[in-house]
Amino acid sequence: MTSFGYFLSSEEFTPRRLLDQARPAEDTGFTRLPPGSHRISPIGGFTMRDIKFPAALGPSFLTVYLNDHLTGSGAGVRLARRLAKRHRRTDGGPELAKLAEQIDEDRQSLRRVMRDLDVHVRRVREVVGRIGESAGRLKPNGSLVRRSPLSDVVELEMMLLGVEGKAACWRALRELTAADDRLDAPDLDRLLARADTQVRTLDDLRRRRATEVFAAELGVTAAVRASGGPLRPAAGHR
């Protein structure tokens with residue numbers, strides 16, 4: 001079986017730097033890392049399993065947690081932009097446009113927090129997140145050919161859940177400010193307050209759109225029932 005890898009410059013970098021290179025290589029999917037030294041033959045090399053990552057240098061719980069939120073924030077930005085563009089001529093258009101801008105800013109804030117904490121961005125997770133997001137957009141929405149009004153309700157609910165998750169992330173980080181001075185408590189307070197405002201805005205937009213969609217459907221159903229139903233036989237054909 002073919003395996004893929006690249007040369008580790010074992011004479012140019014320290015062991016810690018080599019480990020820093022090996023971790024993203026594994027995330028990307030490389031399976032072999034031949035040592036690039038003129039004193040060591042590169043033929044064969046060794047597999048990722050041969051590398052003994054010190055526990056302190058391996059992916060921490062915080063690394064996994066923040067990368068998961070970063071992946072979700074990327075999907076949130078794209079969804080917010082789609083909704084803002086689709087509804088730019090509606091009453092909710094200005095609110096959605098403002099939300100899309102803020103959610104993008106919040107994503108950059110999360111990246112800054114990760115840099116401050118020396119948390120490595122695992123880019124392969126972002127790619128996987130995009131694939132999962134695209135697959136999720138194929139879910140049934142009651143219409144096979146054109147966009148269904150139900151999609152608006154579902155997507156607003158998805159955004160609402162995403163922002164609530166983001167707020168939980170800010171709260172978790174806020175609790176850590178006493179233990180790590182790299183975290184900016186006032187900035188996290190600002191981000192948390194904005195997330196709470198976003199939740200209220202999205203919940204209002206969701207309720208308004210759900211009322212429009214479902215009330216219209218119920219109105220049609222009531223009218224059909226009042227007329228005896230669409231399958232009622234015409235007079236003389238019983």
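**Helix packing**

Tutor: The crossing of α2 and α5 is left-handed, where left-handed means that the near helix is turned anticlockwise from the far one by less than a right angle, and right-handed means clockwise. The model is predicted: local features need pLDDT of at least 70, side-chain atom pairs count only at pLDDT 80 or more, and totals for chains, interfaces and linings use all residues. Residues are numbered from 1 along each chain as its sequence is written, and side-chain values use heavy atoms, with hydrogens and water left out.

Student: At what angle do α2 and α5 pack, and how far apart are their axes?

Tutor: The angle between α2 (residues 61–86) and α5 is about 145°, and the axes are 10 Å apart. Axes are lines fitted to C-alpha atoms, for helices over the stretch in contact, and angles run from 0 to 180 degrees between N-to-C directions.

Student: Which residues of α2 make the contact?

Tutor: On α2 they are L62, Y65, L66, H69, L79, A80, L83 and R86. The α5 side includes L156, M159, C169 and L173. Contact means heavy atoms within 4.5 Å.

Student: And by class, what is in the contact of α2 with α5?

Tutor: There are 13 nonpolar, two polar and four charged residues. Nonpolar covers Ala, Val, Leu, Ile, Met, Phe, Trp, Tyr, Cys and Pro; Asp, Glu, Lys and Arg are charged; the others, Gly among them, are polar.

Student: OK, α3 and α5 next. What are the angle and the axis distance there?

Tutor: α3 packs against α5 (residues 149–175) at about 35°, with the axes 12 Å apart. That crossing is left-handed. The α3 residues in the contact are L96, I103, D106, S109, L110 and V113, and they meet L156, M159, V163, K166, W170 and L173 of α5. By class, the contact of α3 with α5 has nine nonpolar, one polar and two charged residues.

Student: How many residues does α3 have, and what does it span?

Tutor: α3 runs over residues 93–116, which is 24 residues, and reaches 35 Å from first C-alpha to last, close to the expected 34 Å. The expected span is 1.5 Å times one less than the number of residues.

Student: Take M114 in α3. Buried or exposed?

Tutor: M114 counts as buried because its relative accessibility is 0%. Buried means under 20% relative accessible area, exposed over 50%, and partly exposed in between (1.4 Å probe, protein chains only). Beyond four places in sequence, M114 touches L66, N67, L70, V119, H120 and V121. L62 is 52 residues from M114 in sequence, with 9.5 Å between the C-alpha atoms.

Student: What about L99, what does that touch?

Tutor: L99 is also in α3, and L99 is buried at 3% relative accessible area. Leaving out neighbours within four places, L99 contacts Q198, T201, L202 and L205.

Student: Where does D118 sit?

Tutor: D118 is in the loop between α3 and α4 (123–136). Its phi is near 60°, a positive value in a residue other than glycine. Most residues other than glycine have a negative phi. D118 counts as exposed, because its relative accessibility is 65%.

Student: Zooming out, how many helices and strands are there?

Tutor: Six helices and zero strands. Helices (H or I, at least four residues) and strands (E, at least two) are DSSP runs, numbered from the N terminus. Buried residues make up 34% of the 238 in the chain. Of the contacts with a separation of 6 or more, 73% join residues 24 or more positions apart.
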